[in-house]
Amino acid sequence: MTATADWIARAAHDLAAALRRPVEGDDRIALAVSGGPDSMAMLALLHAAFPGQVIAATVDHGLRPEGAAEAAMVADYCAGRGIPHAVLTLATAIGPANIQAAARDARYLVLRGWAAGAGATMLATAHHADDQAETFLMRAARGSGLAGLAAIRPAQPIGDGGMLARPFLGWRRAELRSVAEAWSLPFVDDPSNANARFDRARFRALLRDAPWLDAGQIALSAGYLAEADHDLRALEEWLWASRAQSNDDDDLRIDVGALPREVRRRLARIAIARVRDKMGITTPKWSPATNIEALLDALDDGKSATQAGVMASARGQIWRFRPAPARRLHR
């Protein structure tokens, strides 16, 4: 096969591998396309692999004056190929604090809503092996455990049966740029990617300037950890069914007797997430990668602790999780 045919076949295979199922003819594939070389290559590759099934959207965060022109560039490319395209804007402006994380959260929120409204069965992004290596190193520097070091997952549910897919985690940044250049795709380079103000840009520079740190091998390690995390999640579900009980909807209890710390850690994460979801707790922030070691230490010592708006307490081998009481104001 030619390089072009190889690229298209590889992209099709990798999307199915990320989803852990074949891509069907009635799948509607939503793509998040920023206009960078990575996402433009993804757009071209998946449109070639699954003609008539791809739709695309570009989010204009309102952070740079060039954003509107970049969205228009993607729209023009899509119009020339019959690909439905939408330009999405954010409901509220992004503040100056932790701007990249805030932009990411807002972007995913609007993209998920757009994909669901368009009847898409999946939303795909162009995250690649270099992104994976950067994320792994960032989280390792923060002392993350297995869930954090597994870094960017190939796929995860996003509600209503949809999936968030990252089919290009096995591709290097340079490979995707080669596709964009070989096919003469329009693209722009976001200057924030090289801004040392941001953590990710600093780790990107570290990988660039230290060739002995092989980003591809680091990404491979993150992938192995993601597989282990996936298998442990199946164990979680079985243990949750046999070890957890609920006296009412906002009071969960877990029998952690004779369980190793990693399993106790995972069951505690599930309990925190379920109490938050049930009670609509949204602050403080919470994610499956949040460090809960101090909470585990307290519970192992028979003490109480609060994390992410949830109070946890221990009586023997029974751990109890419920909404944390509101703080009282003292005069």
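## Helix α2 and the basis of the model

Helix α2 is mostly covered, with 10 of its 13 residues buried, where buried means under 20% relative accessible area, exposed over 50% and partly exposed in between, for a 1.4 Å probe and protein chains only. The structure is a predicted model, in which local features need pLDDT of at least 70 and side-chain atom pairs count only at pLDDT 80 or more, while totals for chains, interfaces and linings use all residues. Residues are numbered from 1 along each chain as its sequence is written, and side-chain values use heavy atoms, with hydrogens and water left out.

The buried residues of α2 are P37, D38, S39, M40, A41, M42, L43, A44, L45 and L46. Helices here are DSSP runs of H or I with at least four residues, and strands are runs of E with at least two, numbered from the N terminus.

## Aromatic pairs

Two aromatic pairs are counted, under the rule that rings of Phe, Tyr and Trp (its six-membered ring) pair if their centres lie within 6.5 Å, with planes under 30 degrees apart counted as stacked, over 60 as edge-to-face and the rest as tilted. The ring centres of W7 and W183 are 6.0 Å apart and their planes stand at 70°, so this pair is edge-to-face. It links distant parts of the chain, since W7 belongs to helix α1 (residues 3-19) and W183 to the loop between α7 (173-182) and α8 (199-209), 176 residues apart. W183 counts as partly exposed because its relative accessibility is 23%.

F168 and W171 form an edge-to-face pair, with 5.2 Å centre to centre and 70° between the planes, and both F168 and W171 are buried. R10 lies over the face of W171, at 3.9 Å from the ring centre; a charge sits over a ring if NZ of Lys or CZ of Arg is within 6 Å of the ring centre and within 35 degrees of the ring normal.

One cavity of 30 Å³ or more is counted, and the largest cavity has a volume of about 40 Å³. On a 1 Å grid over the protein atoms alone, a cavity is a set of points where a 1.4 Å probe fits but cannot get out, and lining residues have an atom within 4 Å of a point; the volume is the space filled by probe spheres set on the points, which are joined across faces, edges and corners.

The lining of the largest cavity consists of L232, L235, E236, L239, V263 and R266. Two or more lining residues come from each of α9 (215-243) and α10 (261-279), and α9 gives the most, with four. The lining divides into four nonpolar, no polar and two charged residues.

The 19 residues of α10 should span 27 Å at 1.5 Å a residue, and its end C-alpha atoms are 27 Å apart, which agrees. Among the buried residues of α10 are V263, R264, R265 and R266, and just after this helix G280 takes a positive phi of about 70°.

W238 is in helix α9 and is exposed, with a relative accessible area of 57%. W238 and R265 are 27 residues apart in sequence and 15 Å apart in space, C-alpha to C-alpha.

Technical notes:
On a 1 Å grid over the protein atoms alone, a cavity is a set of points where a 1.4 Å probe fits but cannot get out, and a pocket is an open set with protein on both sides within 12 Å along at least five of seven lines; lining residues have an atom within 4 Å of a point. Ala, Val, Leu, Ile, Met, Phe, Trp, Tyr, Cys and Pro count as nonpolar, Asp, Glu, Lys and Arg as charged, and the others, Gly among them, as polar. The expected span of a helix is 1.5 Å times one less than its number of residues.
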